Amino acid sequence: MAGVFQRIKDFARSPQGQRTIEQVRRTAADPRRRAQAQRLIGKLRTRRSTSGM
């Protein structure tokens, strides 16, 4: 498992990873996108709690 985390860390430090991180930050700061993500999380929580039993 340590190999996976090392690869993630290496990617995050690369130029491509830095661009991706910045894009995610900008998207997360957008109120419309934030609301969209909250709705998706709510749907996933509802689906997980009802299908788990």
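Predicted model: local features only at pLDDT ≥ 70, side-chain atom pairs only at ≥ 80, totals over all residues.
Accessible area here is the Shrake-Rupley surface computed with a 1.4 Å probe.

Now for the fold itself. The protein chain has three helices and zero strands, and reading along the sequence gives the pattern α-α-α. Its radius of gyration is 16 Å, well over the 10 Å that the globule rule gives for 53 residues, so the protein chain is more spread out than a compact globule. Along the principal axes, the C-alpha atoms fill a box of roughly 40 × 35 × 10 Å.

Let's finish with a closer look at one residue and its surroundings. Phe5 is part of helix H1, which covers residues 2-13. Is Phe5 buried or exposed? Its relative accessibility is 52%, and because the cut-off for exposed is over 50%, Phe5 counts as exposed. Together with Val4 and Ile8, Phe5 forms a nonpolar patch on the surface, and the three share about 300 Å² of accessible area.

Methods:
Residues numbered from 1 in each chain as written. Heavy atoms only, no water. Helix = DSSP H or I, 4+ residues; strand = E, 2+ residues; numbered from the N terminus. Rg over C-alpha atoms; globule rule 2.2 N^0.38 Å. Patch = residues over 30% accessible without salt bridge, like charges linked within 9 Å, V, L, I, M, F, W, Y side chains within 5 Å. Salt bridge = Lys/Arg side-chain N within 4 Å of Asp/Glu carboxyl O. Buried < 20%, exposed > 50% of the residue type's maximum accessible area, 1.4 Å probe, protein only.
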